[in-house]
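Here is a short report on a single structure. Keep the sequence and the 3D view open while reading.

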Amino acid sequence: MIREFSHSIAQLFPYKVLHGMVKPKIVAPFYHTISNVAPLHIASLYPVYTPEQFERHLEFLLKHFEPTISTDIPLILSGKRKSKKPALFLSFDDGFKEIATIVEPILSKKGIPATFFVSPNFVDNRDLLFRCKLSLIVSRLSGFEDKSALTGVLENITGARNIGVNQIKGIVYGLGHNDSDSIDTIANAVGLNFAEYLKIHQPYLTLNQLLTLSSKGYTIGAHSLTHPLFSALLFEEQLNEVQQSVDWVQQNIPNQPKLFAFPFTSHGVDGRIFKHFIDSNEPKIDLMVGTSGYKPTHNSRFLHRIPMEMSLVSAKARLKSELFYYLAKALVGKHNDKLGYGKH
Ligand SMILES: [Zn+2]
């Protein structure tokens, strides 16, 4: 609510005024996919920009920022490297196939570097992110006649009674990473087969496509093995998700820096994770990234990125919103999260 209000107020200012007041060293917009039609495994989760809209985003970003590769970010954040324009770090999460078919040709045409954060468990279409499964289920619901059979299944799973049609979506979206059995049962009830969907639609990049992207100069980073919400995991589980996905990239794709993007959010991540991977003089990971918008931190190996798909707006409108929100928080003294890794 506050964010929406702040977004509206921000639009009253010229972009240059907000940019001049904040003086960002770096901005890091991130996306998931670009497509003329949102794929069903995404359509119920967040909006998707068309190639034309994405190109307009890039044109605006290039006007104000200089594209930067991931290995330069710690140098820029620590002040060891300076450039005329502030830096642009562009990235995409989850490794969807449109990276190879739509995104890469646009970026190559414009000569813009980018990092693609992937979850090894989804590469080669071995599994589907649980949120994507929920999106598929919800997309099935509108045309699904036998709602009473479905509410029966949901009542069995949740133990609740008299579930109404209106509650179905809410219950489905409330399912999490550990509810894979329930998700499969519900999918079955609505006639969905995830293995078949993966086989037919091949939503993810293959290892071969990742190798091609890296040979063209793009960077591949890790995005956890299974894409869980880290705040719901034990410390050891968080550690494994980071370490094993980073190891997978190192073992499968030559000459990559060690990069990690937290799935969903870094909010609620065990503080020992940062200490273990990036706080020492000999960091085990070159750069970790979060999703809390424009928000500088005190560690030159941690960067918050700006989620661009909250609603379909111009890059200018999105950045105005982020810079204004940052200024507004500064005014009320809300930048007191000492490390700045997680708080929103
Ligand atoms: Zn993700």
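Glu 322 and Arg 318 form a salt bridge, with their closest N and O atoms 3.0 Å apart. The two residues sit four places apart in helix H15, so about one helical turn separates them. An α-helix has 3.6 residues a turn, so residues three or four places apart point the same way. This is a predicted model.

Arg 318 is buried, at 5% relative accessible area. Glu 322 is buried too, with a relative accessible area of 1%.

## From helix H15 to helix H1

Glu 322 has another partner. Arg 3 forms a salt bridge with Glu 322, and the closest N and O atoms are 2.8 Å apart. Arg 3 belongs to helix H1 (residues 2-10) and Glu 322 to helix H15 (residues 315-331), so this pair ties together parts of the chain 319 residues apart in sequence. Arg 3 is partly exposed, at 26% relative accessibility.

## Other salt bridges

How many salt bridges does a search of the whole structure find? The count is 12. Lys 109 pairs with Glu 55, the closest N and O atoms being 3.2 Å apart. Lys 109 lies in helix H6 and Glu 55 in helix H4 (residues 51-64), 54 residues apart, so the pair links distant parts of the chain. Lys 109 is exposed, at 60% relative accessibility.

A network of salt bridges links Glu 55, Glu 59, Lys 109 and Lys 110.

## The zinc site

Which residues coordinate the zinc ion? They are Asp 94 (OD), His 223 (NE2) and His 227 (NE2), at 2.0 to 2.1 Å. Along the chain, the donors follow the spacing D-x128-H-x3-H. Asp 94 and His 227 link distant parts of the chain, 133 residues apart. Asp 94 is in the loop between strand S5 (91-93) and helix H6 (98-110). His 227 is in the loop between strand S7 (219-222) and helix H13 (235-252).

Are Asp 94 and His 227 buried or exposed? Asp 94 is buried, with 5% relative accessible area. His 227 is also buried, at 3% relative accessibility.

S5 and S6 pair in the parallel sense, over three bridges. Phe 92 has Phe 116 in S6 as its bridge partner. Between these strands the chain passes through H6, and this β-α-β crossover is right-handed. S6 also runs parallel to S7, joined by four bridges. Here Val 118 has Ala 222 in S7 as its bridge partner.

Strand S6 (residues 115-118) is covered on both faces. Thr 115 and Phe 117 are on one side, Phe 116 and Val 118 on the other, and all are buried.

## Helix H7

Helix H7 covers residues 130-141. At 1.5 Å a residue, its 12 residues should span 16 Å. The end C-alpha atoms are 17 Å apart, which agrees.

Nine of the 12 residues of H7 are buried, so the helix is largely enclosed by the rest of the structure. The buried residues are Phe 130, Cys 132, Lys 133, Leu 134, Ser 135, Leu 136, Ile 137, Val 138 and Leu 141. What covers them? The cover includes helix H3 (40-43), helix H8 (147-158), helix H9 (165-173), helix H10 (180-189) and helix H11 (194-201).

Technical notes. Residues are numbered from 1 along each chain as its sequence is written. This is a predicted model: local features need pLDDT of at least 70, side-chain atom pairs count only at pLDDT 80 or more; totals for chains, interfaces and linings use all residues. Side-chain values use heavy atoms; hydrogens and water are left out. Donors are N, O and S atoms within 2.8 Å of the metal (3.2 Å for Na, K and Ca); water is not among the atoms, so sites may look incomplete. Buried means under 20% relative accessible area, exposed over 50%, partly exposed in between (1.4 Å probe, protein chains only). The expected span of a helix is 1.5 Å times one less than its number of residues. Contact means heavy atoms within 4.5 Å. Two strands pair if DSSP finds at least two bridges between them. A crossover is right-handed if, with the strands pointing away from the viewer, the path from the first strand over the helix to the second runs clockwise. A salt bridge is a side-chain nitrogen of Lys or Arg within 4 Å of a carboxyl oxygen of Asp or Glu.
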